[in-house]
Amino acid sequence: MLYQRSSQLFIEAEKVIPGGVNSPVRAFKSVGGTPIYVKEAKGAYLFDEDGNKYIDYINSWGPMLLGHSYPPVVNAVIEKAKKGTSFGMPTEIETEIAALAVSMVPNIDKIRFVNSGTEACMSAIRLARGFTGKEKIIKFRGCYHGHSDSFLISAGSGLSTFGVPNSPGVTKGTAHDTLLADYNNIESVKNLFLENPDEIACVIIEPVAGNMGCVPPIEGFLESLRKVCNENKALLIFDEVMTGFRLAKGGAQELFGIAADIVCFGKVIGGGLPVGAFAARAEIMDYLAPVGPVYQAGTLSGNPLAMAAGLAMLTAINEDEKLFERLEEKGAYLEKGLTEVLLKNNRKFVINRIGSMISVFFCENNVVDFNSAAKADTPEFKSFFHGLLQRGIYIAPSSYETWFLTDALTYEDINFTIEAVALATQS
Ligand code: PMP
């Protein structure tokens, strides 16, 4: 495949956009090469500026659960746009989508819309702090909750209880209030509670981690987490920005039967427009301004185009009784096919999958947390990535990412993908 025009466009972009991109992972830094410039996308396919076609396993990092240019979403946005694009005043459609989301997701009475997953998680911890009157939060190493200061914290040196910033610009003060635990390790959470009595407002977690590759919770982990939070009067926040409306209508809460106190959304809930949301029972949500003391706001929050896209998306998901069954079947078929060809090619690998989220790690150990994910072989991933790209398969340009399947994917596409993996991993 040739990438002449993409390469040229990237050179032009680098002159006026830092690193040429508006979000770092798009830049192919960890796999090398220049990013592909998309011209258009339809269903399961991407078409780039050089005329190449790809089967898309990124799907805008999750939102396109039903495929690109999904007609009900596109039409809803076009129709809305004709009536004005933003008012900064209430509109009926905000209540419609809120009511639908509340009816689909367990344990929530009210929801507030924002513009990104970052905003949703940032606002959720402020609300948790306001509600509990406590200041510290626990997050898990390897979980990503957007780029707000409190979450850009990596492992602490020395005293493991205190995080250190992993980006300049995040203050030590902020890092001090973010405590780090290990995913799937309940003891690490219990220890933090013991070391910080009555100081922890909330624990925030991706109920299925998707930002260290796909790492599902081990049996009993989320249940224990719920229990530990209850015992310590801390709120449990599920960051369902990836899993919400993707793993089930009601997300991970429904799938695992665990009730979170606050739930964060993004990606699918906006149908591909910039939307995030956070939700909880009324008692918690009514702590928000204008009824409560915790401030949170947004000029474009509840934007009519975004709400139209989100409403069309959630309606389609809600009305399709077989959607999650189909996604599970496609995921299982892909997993089986990948396993067979990778075994045949004598690769050492681990595949983690839940429904339509799947990752291939090139390592021998089980991947259950950030440390084990980090052992996956990076050079091997690079050649895997480029081998697939050359064959028209677009996966995320980093081994720490999840593949997102779309319902638009056909079994023919999946067979083509398995064949491409077979060829790309031949020794
Ligand atoms: N939480 C999770 C679990 C995410 O995966 C992401 C984005 N990948 C975010 C939060 C941040 O969302 P956004 O990029 O929309 O700000």
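**Exercise 1: Helix α13 and helix α14**

α13 passes α14 in a right-handed crossing. (A crossing is right-handed if the near helix is turned clockwise from the far one by less than a right angle, and left-handed if anticlockwise.) The model is predicted: local features need pLDDT of at least 70, side-chain atom pairs count only at pLDDT 80 or more, and totals for chains, interfaces and linings use all residues. Residues are numbered from 1 along each chain as its sequence is written.

Task: State how the axes of α13 and α14 are arranged, and which residues make the contact.

Solution. 
1. The axes of helix α13 (residues 378-390) and α14 come within 9 Å and cross at roughly 130°. Helices (H or I, at least four residues) and strands (E, at least two) are DSSP runs, numbered from the N terminus. Axes are lines fitted to C-alpha atoms, for helices over the stretch in contact, and angles run from 0 to 180 degrees between N-to-C directions.
2. This angle makes α13 oblique to α14. Angles under 35 degrees count as roughly parallel, over 145 as roughly antiparallel, 65 to 115 as roughly perpendicular and the rest as oblique.
3. F384, G387 and L388 of α13 and A420, V421 and A424 of α14 make the contact. Two residues are in contact if their C-beta atoms, placed from the backbone, lie within 7 Å.
4. By class, this contact of α13 with α14 has five nonpolar residues, one polar and no charged. Ala, Val, Leu, Ile, Met, Phe, Trp, Tyr, Cys and Pro count as nonpolar, Asp, Glu, Lys and Arg as charged, and the others, Gly among them, as polar.

**Exercise 2: Helix α11 and helix α14**

Task: Determine how α11 is oriented relative to α14.

Solution. 
1. Helix α11 (residues 323-344) and helix α14 (residues 411-424) have axes that come within 9 Å and cross at roughly 20°.
2. α11 is therefore roughly parallel to α14.
3. The crossing of α11 past α14 is right-handed.
4. On α11, the residues K330, Y333, L334, G337, L338 and V341 meet Y411, I414, T417, I418, V421 and A422 on α14.
5. The contact of α11 with α14 comprises nine nonpolar, two polar and one charged residues.

**Exercise 3: Helix α3 and helix α10**

Task: Is the crossing of α3 and α10 left-handed or right-handed?

Solution. 
1. The axes of helix α3 (residues 92-104) and α10 come within 9 Å and cross at roughly 35°.
2. The crossing of α3 and α10 is left-handed.
3. Their contact divides into ten nonpolar, three polar and two charged residues.

**Exercise 4: The two domains**

Task: Describe how domain 1 and domain 2 touch.

Solution. 
1. An automatic or database domain assignment gives domain 1 (4-69 + 322-424) and domain 2 (71-319).
2. Their centres, taken over C-alpha atoms, are separated by 25 Å.
3. In domain 1, 28 residues are in contact with 28 residues of domain 2.
4. On the side of domain 1 that touches domain 2, α11, β13 (350-354), β14 (357-361) and α12 (370-374) each supply at least two residues. β14 gives the most to this side, with four residues.
5. The residues of this side of domain 1 divide into 16 nonpolar, nine polar and three charged.

**Exercise 5: The ligand shell**

Task: How many residues surround the ligand, and which are the closest?

Solution. 
1. The ligand is surrounded by 16 residues, of which the closest are S116, G117, T118, G146 and V241. A residue is near a molecule or strand if its C-beta atom, placed from the backbone, lies within 6 Å of it.
2. Helix α4 (residues 117-132) gives the most to the shell, with three residues.
3. The shell divides into five nonpolar, nine polar and two charged residues.

**Exercise 6: Backbone geometry**

Task: Where are P290 and N184 located?

Solution. 
1. Most residues other than glycine have a negative phi, and most peptide bonds are trans.
2. The peptide bond from A289 to P290 is cis, with omega near 10°. P290 lies in the loop between α9 (282-285) and α10 (304-319).
3. N184, a residue other than glycine, has a positive phi, near 65°. N184 lies in the loop between β8 (178-181) and α6 (186-195).
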